[in-house]
Amino acid sequence: MFSVGAESLLRQARYRGCGGPGRWGEIQEEELRRFASRLAALLRNPELGSEAADCLQRLHLAVAATKYPRKLDGEFVELLQKVLCSSKCPEQIQLLCAAILREMSPCNNLILSCDEIQDTKLLSLVSSILLAQGNKKNEVSAVGQRIVRILERRLPEGDSARYLLPVLSNVISLSPESLTEEQTNLLSKKMADWLRYASVQQAVPPPSGGFFSSPRTRPPGPVTEVDGAIATDFFTVLSMGQYYTQDQWLNVQAFSMLRKWLLCYGGKELKTPNSDDKSGMDRSVMSMVSPTSSHLLPPKERLREKAFEYCQRLIEQSNRRPLKKYDEDLQKACLIEAVTIMDIICKQDSSYVYRAASFLKILHGRICGDAAYARTLLPIAQFFLNHSKTAAMDPDVIYKHLLMDIPAQLFHSSSLAFEFVQFCKDNSQLFTETSSIFKQSFPNLFKFLAWNSPPLISEFVDLLPFLLDASTAIEIFHLLLDLPCLTAALDIQLRSTALPTSKRAACNPAVKPATCLEAFHHPLYKSTFQYLLRTKSAPEDAPEGLIPLRQLLGSLAGSPRVVQCAETVPVLLELFFRVVSEFADGPLINQLVVLLLQRSDQLYEIPAFKDDVYRVLSSQLVMLCKLHPALMVELSKEILDFSGTVSNIQNKEAIFTHMVWAIGEYVSVSYDKRCTVEQINQFFENLETVLFEITQLRPSASTRSYAPRAISVLMATLTKLAVRSQDLIPRTSMFLSKMRTFVQNPDVTSVYCKEDLEQILNQATDLMNLLKMPSMAQFVLMPPVDVASTQFQKEVKDSLPFALRLVTRLLEPAPGFMPG
């Protein structure tokens, strides 16, 4: 526990770190300088006691608990270094001095060097400070060389290499090239010995020094397994003891850095003059040598052999039932590490694959039924993804269990969700090349996103392109639109599972359920819940009852988890269409357009969500039309039905407006030879009716306001169609001439703003003048296909291209204009 003074200082330091105004007595730089000055007087005292330790602790909190850099006097920093290296300095004082110097890094007043330090504890502290400097003057390499030189020789009594291995691990992370081939071989040999030959006897307990202590002590007992049985094999990190020997500590530390070591140095073999003589030797024989002869192997191969044996023993030890709960967590962590290391060893030497594959298949069979071991299944699946061909084994059972069962059971585990999706993302290419199960399981994978968004959105942005192809595009489109609904359904599923069996009352099929929880097992909704929560792709099985289910789940629309999920959908929808556009053919585009128009009526009732989805769908509708303009002819019935429904202007104006714009752009023989005058007339009459409906004045009814943008686009589209079927020009001109009466009507001016009405009138005037010159209208409204613009926003903003404005000026010259 901290002292009262330390706790107060911590609050002040943290408050300053948060940028607070200082109402709790914020520590100013001047106050910190005075405090350091008082502390310096204490540190110069030959006897460093508890007061100095307490002040150092408070200073460490002051410099650490803030996001802003602190400055200490250069002389004080030098004093900290001298105290740290003093042979009479207590260990607690050394630790605090080192912690403060690390927090102050990079430090300009550093005088420390590891060259002459012999004591391994002090070397560890000094090295940690030097490594925190950012590799100034090649400190990382210097530290690495010093650590290796210490490890090369026999350490004096009382010193231990276990203080140095964490530093060596940091050196490897920062600068793996700082060690030479000879040094890595030497350390590989030592690591193999540390892993395999640690004592199986516990250490002698330290003397208690009590009054009743006896100089005669019992010999240390053997280490035990996690279940309490006496260990009969070599020592590992899962061997239990009350006190540990130095070589047992080295064993644990060597295992903790083994993965990093193998990745950095395990695959690099030293070429020797005689290395080619063994090129024809069966490497599987070399890897099967007995422990008594394995010392004849080269250091890196010997380390692999001992590491593989170590991992096998860990996997065997994990089968024991631990006496303590936290040892069960240790077992799982060691299993994950052991399987990962086996995978690395097999990548570096394929002769281990056969031994590892059979071993891991047995392990999978043992743990796959226990959800607590779900994380362990990931490295097992990774191993078979990497080596199933070499092992000549069919891993589909492993993939199926992982991808079909685990997400359905554990979608609510946030840590597993991230690791699982990251695993799928990293192996997307391998999965798609080796197994069809990956793409079949995408409804299950989306459960992770539905429950854990937005933290997983970036991972799914990378993952989605691998799940999309012509066979999955339609189902994924539905799934994305229903993602917030899936979140709500998962919530209901979790709550239903948590209910005691006694409270799960039998459903009465004749009575409509009153709550979502009751509906989960009700026959009326059961099939739709099952479809929404399916574990694999089912493109042909979508039930008709999803609309009632969306309405039922509307009570959860305000849930923070559902709202957060809804916010991720527009991002993924845009990505969906971008990816689909790269491989979609005409039939698939037609299918997507039809579904886009249909599903715009069938979205989860979250207003902000619907607005965002409409925005994305409207822009992507234009993109699909541009990719496949023939859809205007091929889907004329569906498009006429949608564009002829006046209510669509009110409910989904963005999609309606973009659809009408696309009609004016692509209903043309220039894009499809099958487009006839009759079809152009049909589209014209359909849109004319809509425009008449929203602009006619009814004395007996109140005037409704429609989006000015929709009116402008309807007028422009009718004009474009009239130019392509010139018999329609008189009707269009007459209709446009009536727009002046419309915008000047008092009922209209009361519901539209002045600027909008001016824009509508100017638009109508421009178009009407343009139709007086049909040849010019063709030039303005029907540019060649290869230069036609699809930027709807530009047309709405500018009304029509500059040429149209020029025509208006020619036909209606400004007052005082005299032709030359």
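Is Ser178 buried or exposed? Ser178 is buried, with a relative accessible area of 9%; buried means under 20% relative accessible area, exposed over 50%, and partly exposed in between, using a 1.4 Å probe and protein chains only. The structure is a predicted model, in which local features need pLDDT of at least 70 and side-chain atom pairs count only at pLDDT 80 or more, while totals for chains, interfaces and linings use all residues. Residues are numbered from 1 along each chain as its sequence is written, and side-chain values use heavy atoms, with hydrogens and water left out.

**Around Ser178**

- You will find Ser178 in the loop between helix H8 (165-174) and helix H9 (181-196); helices (H or I, at least four residues) are DSSP runs, numbered from the N terminus.
- The Ser178 side chain reaches the backbone oxygen of Ser175 at 2.7 Å.
- Not counting residues up to four places away in sequence, Ser178 touches Ser141, Gln145, Val171 and Gln183, where contact means heavy atoms within 4.5 Å.

- The largest nonpolar core has 254 residues, and Leu553 and Phe576 have the most contacts inside it. Such a core is a set of buried Ala, Val, Leu, Ile, Met, Phe, Trp, Tyr and Cys residues joined through side-chain atoms within 4.5 Å.
- Helix H28 (residues 560-580) gives the most to this core, with eleven residues.
- Leaving aside neighbours within four places in sequence, Leu553 is in contact with Cys485, Ala488, Ala489, Ile492, Cys516, Phe529 and Tyr604.
- H28 has 21 residues and reaches 31 Å from its first C-alpha to its last, close to the expected 30 Å; that expected span is 1.5 Å times one less than the number of residues.
- H28 has a kink of about 25° at Val569, shortly before the proline Pro570. The bend at a residue is the angle between axes fitted to the seven residues ending there and the seven starting there.

**Backbone details to look at**

- Most residues other than glycine have a negative phi, and most peptide bonds are trans.
- Ala392 has a positive phi of about 55° although it is not a glycine. Ala392 sits in the loop between helix H16 (374-391) and helix H17 (396-410), and is exposed, with a relative accessible area of 68%.
- The peptide bond from Ser105 to Pro106 is cis, with omega near -5°; Pro106 lies in the loop between helix H5 (91-103) and helix H6 (120-131).
- Ser453 and Pro454 are joined by a cis peptide bond with omega about 5°, and Pro454 is in the loop between helix H21 (442-452) and helix H22 (457-467).

Key
Helices (H or I, at least four residues) and strands (E, at least two) are DSSP runs, numbered from the N terminus. A polar contact is a pair of N or O atoms within 3.5 Å; within protein, one must be able to donate a hydrogen and the other to accept it, and residues adjacent in sequence count only if both atoms are side-chain atoms.
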